[in-house]
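Please look over the model below before reading on. The paragraphs that follow take up aromatic pairs, then a helix, then charged side chains.

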Amino acid sequence: AAFQRDEILFRRGFEAALGGAARGRTWDESLGTLRARHGADADTQAFRRGWERGKRYYEELGHGPGLRKSA
């Protein structure tokens with residue numbers, strides 16, 4: 001039961017990181033918006049782990065800070 005709950009929260013966090021409101025923002029910058037949209041879920045460890053993984057995934061696709069444009 002705990003795994004299923006954590007999996008759902010992780011997935012919600014992952015998807016939230018891919019949303020327009022969170023792109024290019026840090027966790028601290030996004031937290032107010034995340035709490036408004038996801039309530040208490042945003043304060044769980046599983047949600048945050050999912051959000052951080054989603055952010056890394058987005059950056060690995062070639063988006064985010066510190067990336068160069070190629071000519």
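In this predicted model, a search of the whole structure gives 3 aromatic pairs. A pair of aromatic rings is described by the distance of the centres and the angle of the planes. For Phe14 and Tyr57 the ring centres lie 5.6 Å apart and the planes meet at 45°, so this pair is tilted. Phe14 belongs to helix α1 and Tyr57 to helix α3, and the pair links distant parts of the chain, 43 residues apart. Tyr57 has a relative accessibility of 34% and therefore counts as partly exposed.

Trp27 and Trp51 make another pair, with ring centres 5.3 Å apart and planes at 70°, so their arrangement is edge-to-face. Because Trp27 lies in helix α2 and Trp51 in helix α3, the pair ties together parts that are 24 residues apart in sequence. Both Trp27 and Trp51 are buried. Ring pairs also bring in Phe47, and Trp27, Phe47 and Trp51 are linked into a cluster.

Trp27 leads on to helix α2. Which residues of α2 are buried? They are Trp27, Ser30, Leu31 and Leu34. Seen down the axis of α2, these buried residues fall within an arc of 125°, so they line one face of the helix. What covers them includes α1 (2–18) and α3 (45–60).

The helix itself runs over residues 27–38, which makes 12 residues. Its end C-alpha atoms are only 14 Å apart, whereas a straight helix at 1.5 Å a residue would reach 16 Å. Just after α2, Gly39 has a positive phi of about 60°.

What lies 3.0 Å from a polar atom of the Ser30 side chain? It is the backbone oxygen of Thr26. Leaving aside residues up to four places away in sequence, Ser30 touches Ala22, Arg25 and Trp51. Trp51 is also the partner of Trp27 in the edge-to-face pair.

The charged residues come next. Side chains of opposite charge can pair when their charged atoms come close.

Asp41 sits in the loop between α2 and α3 while Arg12 is in helix α1, so the pair ties together parts that are 29 residues apart in sequence. Asp41, with a relative accessible area of 23%, is partly exposed, and Arg12, at 38% relative accessibility, also counts as partly exposed.

Two other salt bridges lie within a helix. Glu7 pairs with Arg11, their closest N and O atoms being 3.9 Å apart. Both residues are in helix α1, 4 residues apart, or about one turn of the helix. Glu7 counts as partly exposed at 36% relative accessibility, and Arg11 is partly exposed with a relative accessible area of 49%.

In helix α3, Lys55 and Glu59 are likewise 4 residues apart, about one turn of the helix. They form a salt bridge whose closest N and O atoms are 3.3 Å apart. Lys55 is partly exposed, its relative accessible area being 22%. Glu59 counts as partly exposed at 26% relative accessibility.

Key. Residues numbered from 1 in each chain as written. Predicted model: local features only at pLDDT ≥ 70, side-chain atom pairs only at ≥ 80, totals over all residues. Heavy atoms only, no water. Expected span 1.5 Å × (residues − 1). Buried < 20%, exposed > 50% of the residue type's maximum accessible area, 1.4 Å probe, protein only. Arc of directions from axis to C-beta. Contact = heavy atoms within 4.5 Å. Polar contact = N/O pair within 3.5 Å; in protein donor to acceptor, adjacent residues only side chain to side chain. Phe/Tyr/Trp six-rings, centres within 6.5 Å; stacked < 30°, edge-to-face > 60°. Salt bridge = Lys/Arg side-chain N within 4 Å of Asp/Glu carboxyl O.
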